[in-house]
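Here's a friendly walk through some of the charged side chains in this protein, plus a look at one of its helices. Have the structure open as you read.

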Amino acid sequence: MWYPKIPQRFGDGPLPGGGWVAEEKVHGAHLALVSDGRTARAAGRRGPLDEDRLETFFGVTRLWPVLATAATAAARAAGREVILYGELAGGGYPHPRVPPVEGVGPVQTGVWYSPDLVWLAFDGAVATSSGTRWMSRAELADLVARVGLRCVPLVGRGPRQKLRELPVDFPTLVPGALGLPELPGNRAEGYVLKPAGSWDTGERGPRPVLKVKHPGFAEDARYDGARPFVPPPGGVTGVPAWLLAAAVERLTPPRADAARSKLGPAADTAALAAEVVADLLADLADDLGGLPEPDRRRLAAALTPAARTLATFQDHPS
């Protein structure tokens, strides 16, 4: 299911009362994570991203092992297919005390979030018998936190009329949430208003959502800095996209269970992750008829953070 376009004014008709939330509108690239609890796939605004498109999507393959593992963990926790909608952002942070990250560039310019790429969830949905159920802000925040991900910052909570009085000109809240020093003049793109609770479209129709955008974004070229991303030779992670995808598909709960069985219940997360990666690479090498040592090392570096996520979730599944 593709994410509905967010209007800048509410349509005709009554609006629901109750609690609403205002969330920061992050200036980046739309990237959804779709999982049924067994596999995960990525989608942009124009449709699913296959291996080749994922490789050229702003270098997101450097995050894909962690994102895919987290998405499958989220779907298992929910007990059904889940779509996590988020924004890929970051890739530059021009602060004298923050060193740049080699091999990445800004997804967008004008608002600076992080020296490395960061993915921030702004919505979550599950299918129902009659339509789509949008998760509440609290449900989404809890779910993504449990699998090691983050939501876009919350700007405010309360009655819709009160939130409409929020100033549209405010500093982005993302760097502070990531522990980064403040950049002068680093203004947010705006905010998005929506009901705070869950919303079943089969019962209630389309959910009302509104974006309130800083007017400067429509007229200032500083905020239009997306450029085509050209992956380096050998891929963003140093291995071809098809090889990374084949490895990520093997990051499964049974593999983590097997590592736990082998190492015992006292094994810590680091040891479990190392065992998962070693077993996975041995399995992959058998399937491929061998795996060159440079590819093995690069894959291990790319997969280890995701293996830690998997091992952590297996320790604390609820």
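## E23 and its partners

The side chain of E23 makes a polar contact with the side chain of R137, at 3.0 Å. The side chain of E23 also makes a polar contact with the side chain of K194, again at 3.0 Å. Keep in mind that this is a predicted model.

Where does E23 sit? You'll find E23 in strand β1, which covers residues 20-24. With a relative accessible area of 3%, E23 is buried, because anything under 20% counts as buried. If you skip the neighbours within four places in sequence, the contacts of E23 include F122, V152, P153, L154 and V155, and G190, Y191 and V192 are among them too.

Start with E165 and K162, whose side chains meet in a salt bridge with an N to O distance of 3.9 Å. Both E165 and K162 are exposed.

Next up is D169, which forms a salt bridge with R187; their closest N and O atoms are 2.8 Å apart. This pair links distant parts of the chain, 18 residues apart: D169 is in the loop between α4 (160-163) and α5 (174-177), while R187 is in the loop between α5 and β10 (190-195). D169 is partly exposed at 42% relative accessibility, and R187 is partly exposed as well, at 26%.

Then there's D287, which pairs with R250 in a salt bridge, with 2.4 Å between the closest N and O atoms. D287 lies in helix α9 (residues 269-288) and R250 in the loop between α7 (241-248) and α8 (253-263), so the pair ties together parts that are 37 residues apart in sequence. R250 is buried, with a relative accessible area of 18%.

Which residues of α8 are buried? They are P253, R255, A256 and A259. Look down the axis of α8 and these buried residues fall within an arc of 160°, so they line one face of the helix.

On the face of α8 turned away from the buried side, you'll see the exposed residues P254, S261 and K262. After α8 comes G264, which has a positive phi, near 95°.

Definitions and conventions:
Residues numbered from 1 in each chain as written. Predicted model: local features only at pLDDT ≥ 70, side-chain atom pairs only at ≥ 80, totals over all residues. Heavy atoms only, no water. Salt bridge = Lys/Arg side-chain N within 4 Å of Asp/Glu carboxyl O. Buried < 20%, exposed > 50% of the residue type's maximum accessible area, 1.4 Å probe, protein only. Helix = DSSP H or I, 4+ residues; strand = E, 2+ residues; numbered from the N terminus. Arc of directions from axis to C-beta. Polar contact = N/O pair within 3.5 Å; in protein donor to acceptor, adjacent residues only side chain to side chain. Contact = heavy atoms within 4.5 Å.
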